[in-house]
Amino acid sequence: MPPGIVHNLIQSPMSEASPVQTLGSSATGEMASSALNRGKDDGNKKLEEENNQLIKEIKELKVELKKTTEALEKSKIEMASIKKQYDGLTREYDRLLQEHDKMQSLVDTTDKKSN
């Protein structure tokens, strides 16, 4: 090789590409672009699948939350009803205790008079 050609290659290897180099780099660029687009498509498909799975999971969680909320409300109502029933039974028990005390005192008074 003459020294001028080597010097030109060293000075500017990319400045003047041969038609073969241009064709090769064009094909390489297209292949890289195609691979990049396939990678994007694969990535997009994976993201779409993941997104769809998350949307499905959110819907399921919303249904579960609704059921749980309804069960909680039902439990609160039942608890309030049981508390009312407890309060009523407590009042009735207290009333019966007082009545028992009155009767007991009457019996005691009657027993004292008869002796």
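1. The structure is a predicted model. Its secondary structure consists of 2 helices and 0 strands. Helix 2 spans residues 19-114.

2. Surface. The protein has 115 residues, of which buried residues account for 0%. Its accessible surface amounts to about 10900 Å². Carbon and sulfur atoms contribute 60% of that surface.

3. Salt bridges in total. Side chains of opposite charge can pair when their charged atoms come close.

4. Lys 83 and Asp 87. These two residues form a salt bridge in which the closest N and O atoms lie 3.6 Å apart, and this pair meets the criterion because the cut-off is within 4 Å. Asp 87 and Lys 83 are 4 residues apart in helix 2, so about one helical turn separates them. Lys 83 has a relative accessibility of 52% and therefore counts as exposed, since the exposed class begins over 50%. Asp 87, at 28%, counts as partly exposed.

5. Glu 92 and Arg 95. In this salt bridge the closest N and O atoms are 2.6 Å apart. Glu 92 and Arg 95 are 3 residues apart in helix 2, which means that about one helical turn lies between them. Glu 92 is partly exposed, its relative accessible area being 34%. Arg 95 is likewise partly exposed, with a relative accessible area of 39%.

6. Arg 95 and Glu 99. Arg 95 also forms a salt bridge with Glu 99, and here the closest N and O atoms are 2.9 Å apart. The two residues are 4 residues apart in helix 2, so their separation is again about one helical turn. At 33% relative accessibility, Glu 99 is classed as partly exposed.

7. The network. Which residues are linked in a network of salt bridges? They are Glu 92, Arg 95 and Glu 99.

8. Reading the pairs together. Along helix 2, about one helical turn separates Asp 87 from Lys 83, Glu 92 from Arg 95, and Arg 95 from Glu 99. As to accessibility, Lys 83 is exposed, whereas Asp 87, Glu 92, Arg 95 and Glu 99 are partly exposed.

Terms used: Residues numbered from 1 in each chain as written. Predicted model: local features only at pLDDT ≥ 70, side-chain atom pairs only at ≥ 80, totals over all residues. Heavy atoms only, no water. Salt bridge = Lys/Arg side-chain N within 4 Å of Asp/Glu carboxyl O. Buried < 20%, exposed > 50% of the residue type's maximum accessible area, 1.4 Å probe, protein only. Areas by Shrake-Rupley, 256 points an atom, 1.4 Å probe, with all protein chains shown as cover.
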